[in-house]
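Please look over the sequence and the structure before reading on.

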Amino acid sequence: MSKPSPAHRPTGTTASPQPAPGPSPAVMPTYARQDLVFERGEGAWLYTVGGTRYLDFASGVAVNALGHCHPRLIAALDDQSRKLWHTSNLYRVAGQEKLAERLVATTFADRVFFCNSGAEACEGAIKAARRYHFVSGQPERWRIITFKGAFHGRTLATLAAGGNEKYLEGFGHPADGFDQIAFGDHAALEAAITSATAAIMIEPVQGEGGVRSVPDQCLRGLRELCDRHGLLLILDEVQSGVGRTGRLFAHEWAGIEPDIVAVAKGIGGGFPLGAVLATEAAAKGMTAGTHGSTFGGNPLATAVGNAVLDVVLEPGFLEGVVSKSLQLKQGLEGLKDQFNGVVEDVRGRGLLMGLKLAPHVPAAELVRAASANEHLLLVGAGDNVVRVLPPLVVEDAEISDALTRLARVLGGFAKSKS
Ligand SMILES: *Cc1c(COP(=O)(O)O)cnc(C)c1O
């Protein structure tokens, strides 16, 4: 078990300004990373150590809602960092109470629980739904119906909820309590509901699964179905929330009120923050001692979360997202027409868009080509889809710029591969 002396990197604490070529073996190699190291960012732009700039239409996977280094977020973090970082939830946290009250005032929710990530928000949502039935005298109702292609995180329960076999492999029996059905199969959904079902859990727009939107009338149908069977409707808005689709939350487009919503990614604008939003009824089981998080909603995180809401809730901000998204969508539709052998479909809502690519163009290859040849950052997704996720503060000229770069990338695949 003796450890060989590290050959790859010098030891010691002195930071070297230039990162060594290739990823450090000291970091567990769980990601297929691009060999890029960014040093700073501004708005929709990222700069490498060498000063090369990249147009960021990945936004840290829909996290940097306000782009990089937004002055309001810097000010909030800087100000809070000089006062108080962390006290734990043994005490009241002023920023947390303020953020919760604002989320309650602007959404369906009456209660908010804070955590640090999307998976934790989904776990909290699952726990709240199970506790709801438990305290309602129906402890046997603890199973959750989920959908193929879903992604709810990488913890053991959320992996089982997502049901992706590739992600579950090698981690033992998947956690029990999830019944997965095909996306859009209404008959299978009705048939899956039993006396043990507690809730239906769904992303209004599947992100990782390939940017598949649930039509508004289907969300309304799910609401009715849940009401008819006494089930809770859990929405995973970790990716679609906080303005990403042009509404504060994507379900608002359908005009429905869910029972529980999982939130993360954009709410912290880059600071790790997650939240479980719930109605008073759905939260009724979450009493003292039932759930917790040491870091959840700490003063630093909630100071930033409040600053994100300051900007996103400013009059006109979400309307701006809608108009930018129309420009982006039109441009992407144009690219689909122009490169119809490469792009099969344009999907998504707001600034959560996806291009479904032809089978001979693997999404991962297109993401790499966009980055390497055009310095345009995109994100891969399931179902051979490339996600286009600019920050919500992206400017019209930057959308045009990205579309021009993307056209050249697609052109390369049209010529060389078809
Ligand atoms: C990213 C994501 C998660 C998981 O979030 P983490 O912060 O990575 O744990 C869960 N659900 C959806 C819809 C997501 O997009």
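How many salt bridges are there between domain 1 and domain 2? The count is 2, a salt bridge being a side-chain nitrogen of Lys or Arg within 4 Å of a carboxyl oxygen of Asp or Glu. This is a predicted model, in which local features need pLDDT of at least 70 and side-chain atom pairs count only at pLDDT 80 or more, while totals for chains, interfaces and linings use all residues. Residues are numbered from 1 along each chain as its sequence is written, and side-chain values use heavy atoms, with hydrogens and water left out.

**Domains**
- Domain 1 takes in 38–62 + 317–417 and domain 2 takes in 72–312; the bounds come from an automatic or database domain assignment.
- Their C-alpha centres are 27 Å apart.

**Interface**
- Contact (heavy atoms within 4.5 Å) links 24 residues of domain 1 with 23 residues of domain 2.
- The two domains bury about 1900 Å² between them, 60% of it on carbon and sulfur atoms; buried area is the accessible area (1.4 Å probe) that two parts lose on being put together, summed over both.
- Leu-318, Arg-349 and Leu-352 supply 36% of the area that domain 1 buries against domain 2, more than any other three residues.
- Arg-387 and Glu-208 form a salt bridge through their side chains, at 3.1 Å from N to O.

**Ligand surroundings**
- Residues around the ligand (a heavy atom within 4 Å) include Ser-117, His-152, Glu-203 and Lys-265.
- A backbone N or O atom of Ala-119 is 2.7 Å from a ligand oxygen atom.
- A polar backbone atom of Phe-151 lies 3.1 Å from a nitrogen atom of the ligand.
- In the side chain of Asp-236, an N or O atom lies 2.7 Å from a ligand nitrogen atom.

Definitions and conventions: Polar contact = N/O pair within 3.5 Å; in protein donor to acceptor, adjacent residues only side chain to side chain.
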